Amino acid sequence: MSDTITGGPGLAQHRRLLTEIPGPRSAELHARKTAAVAAGVSPGLPVYIAAGGGGVLVDVDGNSLIDMGSGIAVVSVGNAAPAVSAAVAEQASRFTHTCFMVTPYEGYVAVSEALNRLTPGEHDKRSALFNSGAEAVENAVKIARHHTGRDAVIVFDHAYHGRTNLTMAMTAKNMPYKHRFGPFAGEVHRVPMSYPFREPAPTSGEQAAERAITMIDKQVGADNVAAVVIEPIQGEGGFVVPAPGFLPALAAWCAERGVVFVADEIQTGFARTGDMFACEHEGVVPDLITTAKGIAGGMPLAAVTGRAEIMDAVHPGGLGGTYGGNPVACAGALAAIATIESEDLRGRARRIEQIMMPRLRALAERYPQVGDVRGRGAMLAVELVRPGGTEPDAALAAALNAHCHRNGVVTLTCGTFGNVMRFLPPLVIPEELLLDALDVIDDAFATQVG
Ligand code: PLZ
């Protein structure tokens, strides 16, 4: 059955377990994986997938699992979304590659036009396309340095920007991302984030911005700073939502000091938080914005979009790559973007928040181990602590996560301290499935909280 099954929203939208998780066929594949694939590439839940669609993943044993991770915020339009699959198949049958730097094609231009139209701000914009989020971040830094003639890059505590050498330097967390992979790129400076739950005393967004800016001024010097790079809501670092006012104050300081303000919306972008981009929530208009993940319904594509005068500062030939803006990925992106707009997936993300938030808050009332409930739209999390304080409880997060997995709900953890359970369902997930996943999460607390 799993050999012939096709995906998409036509898949039965239910949770159904036929075997234990992982099942025997997954276990067999995992033994092959262990013998063939580098140990450093390590799946969090080794069930091998045969098909996906709507809000489910069907594994090679025929189990149907609820997808609460979207492959880390990628398949927001659903897995194997019909419009994406059709556009990809159609493009793949015409041509799969020319290299845009050799002989160009319309899809790349059309994706750039869409990005210029959809990203915050009415100013003249340009885009450049790449393959991965890390590559987009690298290029945003290249462009900001070229434009300003300055070297320093400012990043934040708990930040995640990728696994390449420069983006490892920009990422905060040592294990597993950086440990023994140095030396790292220079001129990357880290300053404190606004992390309301972990402030020793109540700190407004403006105060937190002032704290960061003072550190930049004193330790780096504004005139040496090319870019401030920030995730409007931090992803891997723990779904940290900065206090209101933090992002606008940083953006205003950047504008005053000629620093390029880069919003890394690789995880938050494309309707995930209920707005097309998370920056819009506070009316922040970044100079450059990096996107990937949700842009193309699962096809590898990433972009830098920004002010024309900054983007166009780079000399012809200064930006590129063999595969960046691959025509098949661009076809997927155009279909995904059309779906986000026509199906009002922003509205769907808000609805998911309306359904999930009260349930997560109820958990916080029942269990003192839930220290914080936060996020926006379909990017929500609970932070787990020892009762009565803020001491992180990563073991509890792992136990809750494992309970969900055993019971057919694909959940993810995150956070500097590994103590955050995060929820990133496809925006098209049917409501009954979401409610079923919430019941499993409730059950995880009932059975795992000691
Ligand atoms: N910036 C904000 O979230 C990718 C990482 C998974 P790539 N996040 C998932 C892992 O463990 O590797 C991410 C992100 C933000 C940049 C990136 C990097 O995007 O497409 O993984 O390179």
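## Interface between the two domains

In this predicted model, domain 1 and domain 2 bury about 3100 Å² between them, where buried area is the accessible area (1.4 Å probe) that two parts lose on being put together, summed over both. Carbon and sulfur atoms give 57% of that area. On the side of domain 1, the residues that lose the most area to domain 2 are R346, R376 and M379, together 27% of what that side buries.

The domain assignment, automatic or from a database, places residues 24–80 + 345–448 in domain 1 and residues 84–342 in domain 2. Their centres, taken over C-alpha atoms, are separated by 25 Å. Contact (heavy atoms within 4.5 Å) joins 39 residues of domain 1 to 35 residues of domain 2.

## Polar contacts and salt bridges

Between the domains, 21 residue pairs are in polar contact, both residues being at pLDDT 80 or more. A polar contact is a pair of N or O atoms within 3.5 Å; within protein, one must be able to donate a hydrogen and the other to accept it, and residues adjacent in sequence count only if both atoms are side-chain atoms. The elements that give two or more residues to the side of domain 1 touching domain 2 are α2 (70–73), α11 (345–366), β11 (370–376), β12 and β15. Helices (H or I, at least four residues) and strands (E, at least two) are DSSP runs, numbered from the N terminus. The largest share of this side, five residues, comes from β11.

Three salt bridges are found across the interface, each requiring a side-chain nitrogen of Lys or Arg within 4 Å of a carboxyl oxygen of Asp or Glu. The side chains of R198 and E383 form a salt bridge with an N to O distance of 2.6 Å.

## Helix α12

Helix α12 (residues 394–406) has 13 residues and reaches 18 Å from its first C-alpha to its last, close to the expected 18 Å, which is 1.5 Å times one less than its number of residues. Just after the helix, G408 takes a positive phi of about 85°.

Residues L396, A397, L400, N401, H403, C404 and H405 of α12 are buried, meaning under 20% relative accessible area (1.4 Å probe, protein chains only). Their cover includes β12 (379–384), β13 (409–410), β14 (412–414), β15 (420–423) and α13 (431–448).

## Basis of the values

Residues are numbered from 1 along each chain as its sequence is written, and side-chain values use heavy atoms, with hydrogens and water left out. Local features need pLDDT of at least 70 and side-chain atom pairs count only at pLDDT 80 or more, whereas totals for chains, interfaces and linings use all residues.

Technical notes:
Buried < 20%, exposed > 50% of the residue type's maximum accessible area, 1.4 Å probe, protein only.
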